[in-house]
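The points are grouped by topic below.

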Amino acid sequence: MFSTSMTRTVQAGTFLLLLGAPLFLVYIHRDAEKIYRIQYGGKSNSQMNSEMKPPTKNNSYVYSWPTCQQNTSVANITSFSSLPGSIKDFLYYQHCRHFPMLLDLPDKCGGADKSADVFLLLVIKSSPVNYDRREVLRRTWAKERLHRGVWIRRIFISGTNDSGFEKQRLNKLLELEQRDYNDILQWDFSDTLFNLTLKQILFLEWMERNCPNARFLLNGDDDVFANTDNMVEYLQSLKDNDGSKHLFSGHLIRNAGPMRWSASKYFIPVEVYKPNSYPPYCGGGGFLLSGYTASVIYNMSQSITILPIDDVYMGMCLAKAGLSPVSHMGVKTLGFHIPSKQLDIQDPCFYRDVLVVHRFLPAHMFLMWRRIQDPNLRCGPSKKRFWQHKNLTLRW
């Protein structure tokens, strides 16, 4: 069975029509930092960031990075000509890690010094076209709020879709959302399946600069149902861990390996990843980690070649640091099976005690959140027997 990140699909917003994304956009060269220093009097990227003028009303910046050059030497790899076009493009630009930032949130956590006040930071991967998903999440489990005395904050992380006028329209959509909600980070790279790892790295770099002391993070997709109230209760119950120690918890996947079937959308040839097995990792649909672990992963990523499967890549970073992911029975990124057709899969009694369940339509997300929040919700003994049958005692 594939990992969660291997089963993701991109759905258009209800009022947007995706006209078709190009295979790749122009990327930014690996050595851009060196060139950037030359152009700006020897100053580093971090120095320039600290000297940037204050954000505009919509927190939009335009960074001047030189164009990333294609690594043409990869064409010398044996059998390169027989690889799918998407794999070729990935290898051509695999070295690129610097991208213009289109939308920023430098004060999202109250500044680096006050970022410890953020107990749970919701980091939600979302493509520009997924407007309907973002709107529903803002009104449901991702609503910024104070719960049990601690703050929950929300960030959507995104690249760009399409080209030409359509790309401009989608970027404008995100700008308008930013003015209303102040919750989007966007970089100018193609928001595709094989760039999900890049999106993670760019966010972790942003976090190191702007929100280094956030206690815990939920990292997940914009189509998961997350019971963030339960998450706060669970995280507050941890003994001797206020976010300053290791935590990486979700749907644990072991003994998995790369898909070698070339017809698969998730094909990973030996030219991209040679070993036949992956280290243990948690499905990328949704997992919890501490601020400490997020920093460790970012540091490890600086010396690990990008792999296009983002959740596996996080596992690689953990393995290099000598850390391990762990399983949490409340995280169901592959969904869960209801054994009887006489039971409603959308019954809120199945969801009020979990942390994360993958793959919800926006309308179902809205309804489910409202139903589990209903103080009059009563769950009969049949639901209790279901969880006992699954050996899941999920109340914290």
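**Disulfides and a covered strand**

Cys 349 has a relative accessibility of 5% and therefore counts as buried. The model is predicted, and two disulfides are present in it.

**Disulfide Cys 349–Cys 379**

- Cys 349 is joined to Cys 379 by a disulfide, with an S to S distance of 1.9 Å.
- Because the torsion about the S-S bond of Cys 349 and Cys 379 is about -95°, this disulfide is left-handed.
- Cys 349 is placed in the loop between β13 (331–332) and β14 (356–358), and Cys 379 in the loop between α10 (362–372) and α11 (381–389), so the pair ties together parts that are 30 residues apart in sequence.
- Cys 379, at 18% relative accessibility, counts as buried, because the cut-off for that class is under 20%.

**Disulfide Cys 109–Cys 211**

- The sulfur atoms of Cys 109 and Cys 211 are 2.0 Å apart and form a disulfide.
- This disulfide is left-handed, because the torsion about the S-S bond of Cys 109 and Cys 211 is about -90°.
- The pair ties together parts that are 102 residues apart in sequence, because Cys 109 lies in the loop between β1 and β2 whereas Cys 211 lies in the loop between α6 (196–210) and β6.
- Cys 109 and Cys 211 are both buried.

**Two further cysteines**

- Cys 282 counts as buried, with a relative accessibility of 1%.
- Cys 317 has a relative accessible area of 0% and is likewise buried.

- Strand β6 spans residues 216–221 and is mostly covered, six of its six residues being buried.
- In regular strands, side chains alternate between the two faces of the sheet.
- From β6, Phe 216, Leu 218 and Gly 220 point one way, while Leu 217, Asn 219 and Asp 221 point the other way; all are buried.
- Strand β2 (residues 118–125) pairs with β6 in the parallel sense over six bridges, and Asp 221 in β6 is the bridge partner of Lys 125.
- Strand β11 (residues 286–290) pairs with β6 in the antiparallel sense over five bridges, with Gly 286 in β11 standing opposite Gly 220.

**Asp 107**

- Asp 107 is located in the loop between β1 (101–103) and β2.
- With a relative accessible area of 59%, Asp 107 is exposed.
- A distance of 7.2 Å separates the C-alpha atoms of Asp 107 and Asn 210, which are 103 residues apart along the chain.

Terms used: Residues numbered from 1 in each chain as written. Predicted model: local features only at pLDDT ≥ 70, side-chain atom pairs only at ≥ 80, totals over all residues. Heavy atoms only, no water. Buried < 20%, exposed > 50% of the residue type's maximum accessible area, 1.4 Å probe, protein only. Helix = DSSP H or I, 4+ residues; strand = E, 2+ residues; numbered from the N terminus. Pairing = 2+ DSSP bridges. Disulfide = S-S within 2.5 Å.
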